Amino acid sequence: MTKFNEKNIILDNTDIENKIQRIGLEILEDNIDKSKIIFFGISTNGEIIAKKIIDNFNKTSKIKTDIFKVIIINDGSNNIIKYDGKFDAESESLIIVSDVSQSGKTIQLVTSDLMKHNPSKIKTAVIINRDHSLFPIKINFSGINLSTSVNEHVDVVVNKQKELTVYLN
């Protein structure tokens, strides 16, 4: 089990909330001409972050938003992408949200799957961009770019109050 302590904290909840607010404003600026944006939160952490972005977003914008959780199932040889609801993304602006981008593989898988729905554009948002991309994916909105060694591990921990903390181990 990984030990978390204050010495390992990269971002506390206040820092993350500030990053989320800024990411939301950047997404708004990028979509000012849109009437709707669909957010896709990768796993539980991505969904929590996407909801927080939308909450901040809705304070300053009248653009309609939807959110779907992305569920990735590894059946041993393939990754299967599922969503927690049905959506129509034809000609819509899509935002894929995750906590950490490490190699870019997960975001690439989701992007490839969403391309089948013929959106007008797909952008990505993460709290931590580790800059270790092994796949052709660009992070459009990030809270922090973190240059780390591949041996270091970044954990985003969510407590019962849905407060986030980022640790480096």
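Helices and strands are taken here as DSSP runs, with a helix needing at least four residues and a strand at least two, and they are numbered from the N terminus. The model is predicted, and its largest pocket holds about 160 Å³ of space. The lining of this pocket comprises 14 residues, among which Ser98, Val100, Ser101, Gln102 and Thr106 are the closest to the centre. Two or more lining residues come from each of α2 (43-60), β5 (93-101) and α3 (105-115), and the element that gives the most is β5, with four residues. By residue class, the lining of the largest pocket consists of nine polar, three nonpolar and two charged residues.

The element α2 also takes part in helix packing, where helix α1 (residues 13-30) meets α2 at an angle of about 60°, the two axes lying 9 Å apart. Because angles from 65 to 115 degrees would count as roughly perpendicular and those under 35 as roughly parallel, α1 is oblique to α2. The crossing of these two helices, α1 and α2, is right-handed. On the α1 side, the contact is made by Glu17, Ile20, Gln21, Ile23, Gly24, Leu25, Ile27 and Leu28, while α2 contributes Ile49, Lys52, Ile53, Asn56, Phe57 and Thr60. Sorted by class, the residues of this contact between α1 and α2 are eight nonpolar, four polar and two charged.

Notes. Residues numbered from 1 in each chain as written. Predicted model: local features only at pLDDT ≥ 70, side-chain atom pairs only at ≥ 80, totals over all residues. Heavy atoms only, no water. 1 Å grid on protein atoms, 1.4 Å probe; cavity = no way out; pocket = protein on both sides within 12 Å on 5 of 7 lines; lining within 4 Å. Points joined across faces, edges and corners; volume = space filled by probe spheres on them. Nonpolar A, V, L, I, M, F, W, Y, C, P; charged D, E, K, R; others polar. Axes fitted to C-alpha atoms, helices over the stretch in contact; angles between N-to-C directions. Parallel < 35°, antiparallel > 145°, perpendicular 65-115°, else oblique. Left-handed = near helix turned anticlockwise from the far one by under 90°. Contact = heavy atoms within 4.5 Å.
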